[in-house]
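Thanks for coming, everyone. Please bring up the sequence and the structure, and I will walk you through them.

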Amino acid sequence: MNPQQDATLASPALPALVSPVERVIVPTKRRVRVRDLIREAPVIRVLAGRDFKVKYKQSSLGPLWLVFQPLALLAGFFVAFRGLANVSTEGVPYASFALVGLSAWAFFQASLTIGTASVITNSAFVRFTPCPRPAFPVASIIASLPSFAVTAAGAIVVAAASGVLSPRVVLLPLGLVWLVALTAGIVGIVSALAVRYRDIISALPFLLQVGIFLAPVGYSIAQLSPPTRAIVELNPLTGVIEAWRWMMLSGYEVSATPIVISLVETVLLVFAGWWVFSRLETTMADDI
Amino acid sequence: MAGLDGNGPRPVAVAASGLGKDFRLGEHRNLRITARRLLRRRDELAMFRALSGVNLTAYRGESIGLVGTNGSGKSTLLQILAGTVVPTHGMMRVYGRVMPLLAVGQGFHPELTGRENVTLFASSLGIPRQVIESQMDAVTAFAELERHMDTPVKRFSSGMTSRLSFSVAMQFPADIYIFDEVLAVVDGEFQERCLEAIKSLHREGRTVVFVSHHADQVADVCERVVWLENGSVRSEGPTGEILPAYEHAHDVAHD
């Protein structure tokens with residue numbers, strides 16, 4: 001009945017196969033492993049490329065929007081924080097001060113915007129292909145790196161032009177790793193939960209709107225009253241933004257409290273993100 | 001050595017034992033459910049057993065047809081085999097790489113071009129970049145979309161999308177090919193070519209798992225048929241024996 005059962009399965013059309021691997025499928029609460037992420041690098045790269053590309057398909061200005069978005073926010077900040085509230089920035093020119101905050105924020109916002117819905121928008125892959133699911137949120141984070149690159153480059157140029165660029169700017173890659181880890185933890189949690197609880201999709205835009213005011217993106221925490229400051233310091237982004245300002249702006253003083261709080265929260269969020277995502281991953285095709 | 005079976009030294013491709021899957025019925029979440037939970041009036045969750053106690057062996061190089069009415073568990077079984085759904089009971093062993101074609105045209109992004117979508121879809125199956133690039137011309141030729149591969153898929157007709165989808169599945173190497181009711185959406189001439197291509201996969205010694213509501217297609221492709229009913233295997237055996245029995249039961253039920 002089966003004339004050919006030997007290993008010579010190669011045909012002109014189909015490349016030859018390596019010997020079959022065994023896969024055991026059993027009921028389990030968790031099946032993805034951290035090391036799978038490394039094996040999945042190729043598909044993550046393709047998905048990230050797609051996430052970035054489709055953002056600007058059939059758009060005449062394309063990636064130029066990467067520049068306009070932070071510029072519009074910066075203009076808004078000038079009116080609200082500088083013009084109306086007249087926030088002090090410890091002697092740093094306001095444009096430099098705000099652009100550093102905005103470069104962290106631009107990445108965080110872009111990642112969360114695509115990342116939260118990343119599993120849901122890939123529902124066809126989730127339901128019909130064995131595509132590794134952690135690839136979806138990770139790809140959305142990678143696809144957001146250009147948002148960071150454009151704003152951070154702007155922040156560095158403006159800081160250098162106004163003579164406040166600190167040599168500590170060489171530490172910025174560490175700052176980026178920190179922000180990526182923090183963002184990944186949060187995106188891991190919300191993208192997995194959003195599959196079950198679509199409430200997250202409704203909550204996200206307004207949480208991001210509130211979030212930009214609860215983090216020192218456009219103002220300095222030094223000015224806040226102690227109770228307000230304590231609340232803002234609990235925001236995990238606060239420590240990252242403060243550290244970035246310290247890295248990029250000479251003469252900027254930071255206190256250790258928000259940095260330590262944020263580092264601890266980052267570590268907790270990274271573990272929580274993986275825990276929640278890998279736990280909910282096994283039921284994603286059922287829930288979606 | 002991939003598992004040996006008592007009937008002889010035939011290598012096994014897929015082996016399921018006691019395989020089961022429960023789904024929750026009804027809307028999983030809405031405001032009413034939330035309110036009842038908060039009031040501690042927790043509804044008993046209604047469960048639906050889509051598969052129960054399925055024992056099944058597919059040997060390497062075999063072409064197996066799954067038949068059964070809607071809701072008999074065919075698709076759930078294939079989803080578990082493809083690795084998208086995790087079973088709630090039992091075990092399944094799979095030897096080799098699976099190429100699942102569970103739905104035609106699903107997973108293509110409308111804004112991406114045909115070529116970009118082939119790369120995306122094939123990468124999602126874990127196919128290495130070099131293989132994708134080397135097979136791109138074969139995919140294009142099989143789908144007869146030479147002039148359209150750089151056009152966004154949203155401008156494709158549904159037939160073109162189906163052809164591309166099918167072509168992706170046929171032109172990349174795997175040990176086990178799954179076709180879940182995929183020929184229903186393509187037109188006559190392409191359908192014939194797909195059937196021929198599926199049969200040639202089988203001739204090359206690859207394992208084929210084939211689901212179709214068309215008994216003649218099952219008869220054409222499959223040497224053995226598994227008849228699922230209410231999530232369990234009702235009977236299995238050579239196509240010539242099982243398919244007429246299934247068709248008879250089906251006709252009787254409908255008359």
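I start where the two chains meet. In strand β4 of chain B, A:Ile25 has B:Met92 as its bridge partner.

Some ground rules. This is a predicted model, where local features need pLDDT of at least 70 and side-chain atom pairs count only at pLDDT 80 or more, while totals for chains, interfaces and linings use all residues. Residues are numbered from 1 along each chain as its sequence is written, and chains are lettered from A and ligands numbered from 1 in the order in which they are written.

Now the whole interface. Chain A gives 41 residues to the contact, and chain B gives 49. Two residues are in contact if their C-beta atoms, placed from the backbone, lie within 7 Å. On the chain A side, β1 (22-25), α2 (41-55), α6 (123-128) and α14 (284-287) each supply at least two residues. The largest share comes from α2(A), with six residues. By class, the chain A side has 24 nonpolar, seven polar and ten charged residues. Nonpolar means Ala, Val, Leu, Ile, Met, Phe, Trp, Tyr, Cys and Pro; charged means Asp, Glu, Lys and Arg; the others, Gly among them, are polar.

Next, chain A itself. It has 14 helices and one strand. Its C-alpha trace spans about 85 × 40 × 35 Å along the principal axes. Of its 288 residues, 41% are buried. Buried means 20 or more other C-beta atoms within 10 Å of the residue's own, with C-beta atoms placed from the backbone.

How do α4(A) and α8(A) cross? The axes of α4(A), residues 94-116, and α8(A), residues 145-161, come within 8 Å and cross at roughly 175 degrees. So α4(A) is roughly antiparallel to α8(A), a label for angles over 145 degrees. Axes are lines fitted to C-alpha atoms, for helices over the stretch in contact, and angles run from 0 to 180 degrees between N-to-C directions. Among the residues making this contact are A:Leu99 and A:Phe107 of α4(A), and A:Phe148 and A:Val158 of α8(A). The contact has twelve nonpolar, five polar and no charged residues.

Over to chain B. Here an open sheet of six strands runs β5-β6-β7-β3-β8-β9, with mixed pairing. The edge strands are β5 (98-101) and β9 (232-238), each pairing on one side only.

Look at β3(B). It pairs parallel with β7(B), residues 63-67 against 207-211, over four bridges. B:Ile64 has B:Val209 as its partner in β7(B), and B:Leu66 has B:Val211. Four bridges also join β3(B) to β8(B), again parallel. There B:Val67 stands opposite B:Trp227.

Is β3(B) covered on one face or both? Both. B:Ser63, B:Gly65 and B:Val67 are buried on one side, B:Ile64 and B:Leu66 on the other. In a regular strand the side chains alternate between the two faces of the sheet.

Last item: helix α2(B), residues 74-82. It lies across β3, β5, β6 (176-180), β7 and β8 (224-229) of chain B, at about 150 degrees to β6(B).

How values were computed:
Two strands pair if DSSP finds at least two bridges between them. A residue is buried if 20 or more other C-beta atoms lie within 10 Å of its own, exposed if 12 or fewer, and partly exposed in between; C-beta atoms are placed from the backbone. Angles under 35 degrees count as roughly parallel, over 145 as roughly antiparallel, 65 to 115 as roughly perpendicular and the rest as oblique.
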